Amino acid sequence: MLELGGFTPLSSVDWPGKLAAVVFVQGCPWRCSYCHNAELQPRRRTGGPDWASVLAMLQRRVGLLDGVVFSGGEPTLDPRVNSAVDQVRALGHRAALHTAGIYPDRLAELLPKLDWVGFDLKTGFGDYDTLTARRGSAAAVRRSLDRLLASGIEREIRTTYHPRLISDAALRDVARVLKNVGVRHWVLQRWRAHDDDAARLASSWRWPADEFLHELRDDVPALTLR
Ligand code: SF4
């Protein structure tokens, strides 16, 4: 059975413009230092809700929700997410996915069942392994991005902006990648502090300068900040 780290019955922010329940799948093989869900990184955790009770709750909410988002951790880590999406769709819900593109083949299997994907493009491909603390992460993300774009599924490409970990050069690299693959909408999302040190940094946190954002918009015109 799908191993869960958490469940949010109603969210207005995890699928833009939609009211959705969010299923947090336990486990992620990467170790991004800014991770705001670090408790979801280990593959096993006791105390999460069980899938059967979440599914029963989702059954009672048919008609009340716009859909169900599978998030994490990295939801494609667990091959059982595939049948979980089937079960949710069989109830009559639409399904969405948050992914960092870690498992391109599993993502490709899931895509035909999904109505929307929130895809994290974390940094320039040259910086990926440092940010994720895992070798080979850039290659996986390239393949996943290609598959997502080829699918034509509605999606949002987003990058978490951390002022110390994401340099201007990295943002330029991401913008160039998106321009080259024809993506015109890109979301820079504000990094969220997860401990006291981070909270101190967050208190002096700033978006990149307007002039620099204008430069990025030369490559990706519909760049928005969130
Ligand atoms: S990919 Fe996402 S869940 Fe995994 S460590 Fe990075 S930020 Fe955390």
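Me: What share of the 226 residues of the protein counts as buried?
Reply: Of the 226 residues, 37% count as buried. The word applies when 20 or more other C-beta atoms, placed from the backbone, lie within 10 Å of a residue's own; 12 or fewer makes it exposed, and anything in between partly exposed. The model is a predicted one, in which local features need pLDDT of at least 70, side-chain atom pairs count only at pLDDT 80 or more, and totals for chains, interfaces and linings use all residues. Residue numbers start from 1 along each chain as its sequence is written.

Me: Why is Phe119 called buried?
Reply: Phe119 has 21 C-beta neighbours inside 10 Å, so it counts as buried. This residue sits in strand S5 (residues 116–120). Helices here are DSSP runs of H or I with at least four residues, strands are runs of E with at least two, and both are numbered from the N terminus.

Me: What does Phe119 touch, leaving out residues up to four places away in sequence?
Reply: The residues touched by Phe119 are Thr99, Gly101, Leu145, Leu148, Arg155, Glu156 and Ile157. A contact requires two C-beta atoms, placed from the backbone, to lie within 7 Å. Leu10 is 109 residues from Phe119 in sequence and 21 Å from it in space, C-alpha to C-alpha.

Me: Why is Arg106 called partly exposed?
Reply: Arg106 has 19 other C-beta atoms within 10 Å, and therefore it is partly exposed. Arg106 belongs to helix H3 (residues 104–110). Its contacts, leaving aside neighbours within four places in sequence, are Thr76 and Pro79. Pro79 is 27 residues away along the chain, with 7.3 Å between the two C-alpha atoms.

Me: Why does Ala133 count as exposed?
Reply: The count for Ala133 is 12 C-beta neighbours inside 10 Å, which is why it is exposed. Ala133 lies in the loop between helix H4 (128–132) and helix H5 (137–151). Its phi is near 60°, a positive value in a residue other than glycine.

Me: What makes S3 largely enclosed by the rest of the structure?
Reply: Four of the five residues of S3 are buried, so the strand is largely enclosed. Strand S6 is mostly covered, with five of its seven residues buried.

Me: How many strands are in the sheet, and in what order?
Reply: The sheet is open and has eight strands in the order S1-S2-S3-S4-S5-S6-S7-S8, with mixed pairing. Strand S1 (4–11) and strand S8 (222–225) are the edge strands, since each pairs on one side only. Neighbouring strands are turned by 20° against each other on average, direction ignored; the axes behind such angles are lines fitted to C-alpha atoms, for helices over the stretch in contact, and angles run from 0 to 180 degrees between N-to-C directions. In total, the protein has eight helices and eight strands.

Me: What joins S5 to S6?
Reply: Four bridges join S5 to S6, and the two strands run parallel. Two strands count as paired if DSSP finds at least two bridges between them, so four bridges are enough. Gly118 stands opposite Glu156 in S6.

Me: Over how many bridges do S6 and S7 pair?
Reply: Strand S6 (residues 155–161) and strand S7 (residues 185–190) pair over five bridges in the parallel sense. Ile157 has Trp186 of S7 as a bridge partner, and Tyr161 has Arg190. Five bridges also join strand S2 (residues 20–25) to S3, again running parallel. There, Ala21 stands opposite Val68.

Me: Which residues surround the ligand?
Reply: The ligand is surrounded by Cys28, Trp30, Arg31, Cys32, Cys35, Asn37, Gln41, Gly72, Gly73, Glu74 and Ala100. To be near it, a residue needs its C-beta atom, placed from the backbone, within 6 Å. Gly72 and Gly73 are joined by a cis peptide bond with omega of about 15°. Gly73 is in the loop between strand S3 (67–71) and helix H2 (81–91).

Me: Why does the radius of gyration agree with a compact globule?
Reply: A compact globule of 226 residues would have a radius of gyration near 17 Å, and the protein has 17 Å, so the two agree. The radius is taken over C-alpha atoms, and the rule is 2.2 Å times the number of residues to the power 0.38. Along the principal axes, the C-alpha atoms fill a box of roughly 50 × 40 × 35 Å.
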